Amino acid sequence: MDHSQHMDHSQHMNHMGHMMNHMMSMSFHFGYNETILFDWWRIDSIGGLVGSMIGIFIIAVLYEGLKYYREFLFWKTYNLLEYRPVTGPQANPESGQMPPAPSNPTPVQYVGEVIHKQPPTMFSANHFIQTGLHMIQVTVSFLLMLIFMTYNVWLCLAVVVGAAVGYFLFCWKKSVIVDVTEHCH
């Protein structure tokens, strides 16, 4: 083997060793030597890890806010609908006032129907806005999933705690309707 072949073989082996060191770990681990999503987002210090955790935490909080905002816009769009109560407390026709509240009040339940005043269309501005926000939501959800797939416990913790704080902040008023279109949690 001449010297040039030996150099090519050495460089190849060095490159292979370098590649093996940067392969994704497939088990949960602690540490601060990571590449996160992009080649330029590399961390190799505790400061870099903490900064990345803060950034990921904020992204996860905003992701939950985006999900709530989309639902809010959906219900705001459907606020153009009319809700006609069918049953509920009845006013006293003689006095025009509501009946006196019992000493041990129980919540009054309204049963009603929704009447469409103006059904949304496929080409409405609201639908285009929802489509754009949906694209952003899907993208961010997959990016958070890929961050979780680094298997770095600290980064995973930032995703989970950020999602929990975001849910706490934004979704306490959330409707009881289950979103079956959720892509990633």
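Trp154 is partly exposed, because its relative accessibility is 33% (buried means under 20% relative accessible area, exposed over 50%, partly exposed in between, with a 1.4 Å probe and protein chains only). The model is predicted: local features need pLDDT of at least 70, side-chain atom pairs count only at pLDDT 80 or more, and totals for chains, interfaces and linings use all residues. Residues are numbered from 1 along each chain as its sequence is written, and side-chain values use heavy atoms, with hydrogens and water left out.

**Aromatic pairs**

- The structure holds 8 aromatic pairs (rings of Phe, Tyr and Trp, the last by its six-membered ring, pair if their centres lie within 6.5 Å; planes under 30 degrees apart count as stacked, over 60 as edge-to-face and the rest as tilted).
- One of them joins Phe28 to Tyr151 edge-to-face, at 5.2 Å centre to centre and 75° between the planes.
- This pair links distant parts of the chain, 123 residues apart: Phe28 sits in the loop between helix 1 (3-21) and strand 1 (34-35), and Tyr151 in the loop between helix 3 (125-148) and helix 4. Helices (H or I, at least four residues) and strands (E, at least two) are DSSP runs, numbered from the N terminus.
- Phe30 and Trp154 also pair edge-to-face, with 5.3 Å between centres and 65° between the planes.
- Phe30 lies in the loop between helix 1 and strand 1 and Trp154 in helix 4, so their pair ties together parts that are 124 residues apart in sequence.
- Phe30 counts as exposed because its relative accessibility is 58%.
- Phe28 and Tyr151 belong with Phe148 to one aromatic cluster.

**Helix 2 against helix 4**

- Helix 2 (residues 46-77) packs with helix 4 (residues 153-170) at an angle of about 35°, and their axes are 7 Å apart. Axes are lines fitted to C-alpha atoms, for helices over the stretch in contact, and angles run from 0 to 180 degrees between N-to-C directions.
- The crossing of these two helices is right-handed (a crossing is left-handed if the near helix is turned anticlockwise from the far one by less than a right angle, and right-handed if clockwise).
- Residues in the contact include Leu49, Met53, Ile56, Phe57, Glu64 and Tyr68 of helix 2, and Trp154, Leu155, Val159, Gly162 and Phe170 of helix 4. Contact means heavy atoms within 4.5 Å.
- By class, this contact has 17 nonpolar, 4 polar and 1 charged residues (Ala, Val, Leu, Ile, Met, Phe, Trp, Tyr, Cys and Pro count as nonpolar, Asp, Glu, Lys and Arg as charged, and the others, Gly among them, as polar).
- Glu64, in helix 2, is buried because its relative accessibility is 4%.
- The C-alpha atoms of Glu64 and Phe168 are separated by 9.1 Å, although the two residues are 104 residues apart along the chain.

**Helix 3 against helix 4**

- Helix 3 packs with helix 4 at an angle of about 145°, with 8 Å between their axes.
- Leu144, Ile147 and Phe148 of helix 3 meet Leu155, Cys156, Val159 and Val160 of helix 4.
- This contact has 7 nonpolar, no polar and no charged residues.

**Cysteines**

- The structure holds 0 disulfides (a disulfide is a pair of cysteine sulfur atoms within 2.5 Å).
- Cys156 is buried at a relative accessible area of 5%, and Cys171 is buried at 4%.

**Gly47**

- Gly47 lies in helix 2 and is exposed, with a relative accessible area of 53%.
- Gly47 and Tyr32 are 15 residues apart in sequence and 8.9 Å apart in space, C-alpha to C-alpha.
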